[in-house]
Amino acid sequence: MDSKLLKLKLDNFRNLENSILEFSNTINCIFGENGNGKTNILEAIHFLVNKKSFRKNTSFPQLISIESEKPQILFSSLIKYKENQSTYSGTFMPDKSIWHLDNSPIKRKLDIHTVFINPFDSYAFHTTPSFRRDWFDTHLSKLDKVYKSNLTKYNQSLRFRNTLLNKKPADFKNQIKAIDLQLAKYSVEILNARKKFILELKDFCQNTFKSIFDESHDLEIKMDSKFLNNSYEEILKCYEENLEKDIIIGKTRYGIHRDDYVFHFDGFNSYEYCSLGQQKMSFLSLIFAYIELFRYKLISYPLVLIDDVSGELDSKRWKNLINYLKEKNFQVFITTANKNFRDELEKIDEAKKFFVDNGSIINL
Ligand SMILES: Nc1ncnc2c1ncn2[C@@H]1O[C@H](COP(=O)(O)OP(=O)(O)OP(=O)(O)O)[C@@H](O)[C@H]1O
Ligand SMILES: [Mg+2]
């Protein structure tokens, strides 16, 4: 069953004033001008659920309010969790954090997930192959623990192989041959999982794209891999054949760590062909497709955190996006600094609306 965040109280979190936020089970809109604390609210929710920020290199010193008198951040919440209403709270200090579920200490993370959508990711996804790889690896890992474990083992073996190629210690060629057996084995497993993931996403992606953005266009995501249809033996042979060149260059040039993913927009490569708005629609469709697949596989929706995605989209797409969110049962927290997008969000009767003004949160 879906988990929900019902109430949240924060103390000493960034610029947010201590207040209690009561959320809707469905749509929550957070308005406010630039630099007032909208993203900070999403970050606090992300921290509560994942015990970490979505911003890189962010820890206690960045998160504690610069005005705090005591070096601790307090999170208190009421959640719907595994059919019950529970309290979940945390104290985050410089060297540790302590969490309680219904007043009992809890070490592991809650079994709640979040999906965070921010305005920059569409651009990064379209321009940076390593971002695309990371996106697929992270999201597939959440759905498939075996994949995650195979990927970790593959990366460990790859790092070892590269160290050998770089340092060339005595007898390194025999060591590499042994590693290649491992790499080829994990490659087959990883490739199969990736192909399955893309196939599973395919219909969801097409549907979300059509319903949110455009009936008249098609979107498909495809994988681009040197080893796409290769067997274990063929992959192993490729490593063998390329070993001498790898030795000269000092690293492994081929492998599933170089795989890439391509959006096909009406059959064209969207990186080369699409407008910024179309690229954003494609990326959002992929994320919403992932959310649907997540629900299908894990029987519960994640909490969806959407940090101002209104840029580049026209008002027709805003309306479609809002209608889509209204139809769905997931809990969503959506921010905007855009006056016109806010006007559209204001029309959602069932949504809770908040206004953030210099860290002070006002219920609308
Ligand atoms: N540790 C901190 N203590 C106090 N204030 C902080 C802290 N960290 C960040 N801030 C303040 O938080 C504000 C930024 O908040 P946030 O990123 O949530 O803004 P936003 O409303 O999302 O703005 P935008 O619309 O531009 O994205 C800045 O004014 C910054 O000075
Ligand atoms: Mg922001």
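A helix here is a DSSP run of type H or I with at least four residues, and helices are numbered from the N terminus. In this predicted model, helix 1 spans residues 38-50 and supplies 3 residues to the shell around ligand 1, the largest share.

The shell holds 15 residues, of which N15, N34, K38, T39 and N40 come nearest to ligand 1. Sorted by class, the shell has 10 polar, 3 nonpolar and 2 charged residues.

## The largest nonpolar core

Which residues touch the most other members of the largest nonpolar core? They are A44, I45 and L305, in a core of 82 residues. Helix 6, residues 172-213, gives the most to this core, with 12 residues. Domain 1 (4-113 + 302-363) and domain 2 (128-273) both contribute residues, so the core lies between them.

A44 can be looked at in more detail. Setting aside its neighbours within four places in sequence, A44 is in contact with L8, L10, F13 and L16.

In what order do the 3 strands of the open sheet lie? The order is 9-10-11, and the pairing is antiparallel. Strand 9 (219-224) and strand 11 (268-269) are the edge strands, each pairing on one side only.

Strand 10 covers residues 260-265 and is joined to strand 11 by 2 bridges; these two strands run antiparallel. At one of the bridge positions, F268 in strand 11 is the partner of F265.

Methods. Residues numbered from 1 in each chain as written. Chains lettered and ligands numbered in written order. Predicted model: local features only at pLDDT ≥ 70, side-chain atom pairs only at ≥ 80, totals over all residues. Pairing = 2+ DSSP bridges. Core = buried A, V, L, I, M, F, W, Y, C linked by C-beta atoms within 7 Å. Buried ≥ 20, exposed ≤ 12 C-beta atoms within 10 Å, placed from the backbone. Domains from an automatic or database assignment. Contact = placed C-beta atoms within 7 Å. Near = placed C-beta within 6 Å. Nonpolar A, V, L, I, M, F, W, Y, C, P; charged D, E, K, R; others polar.
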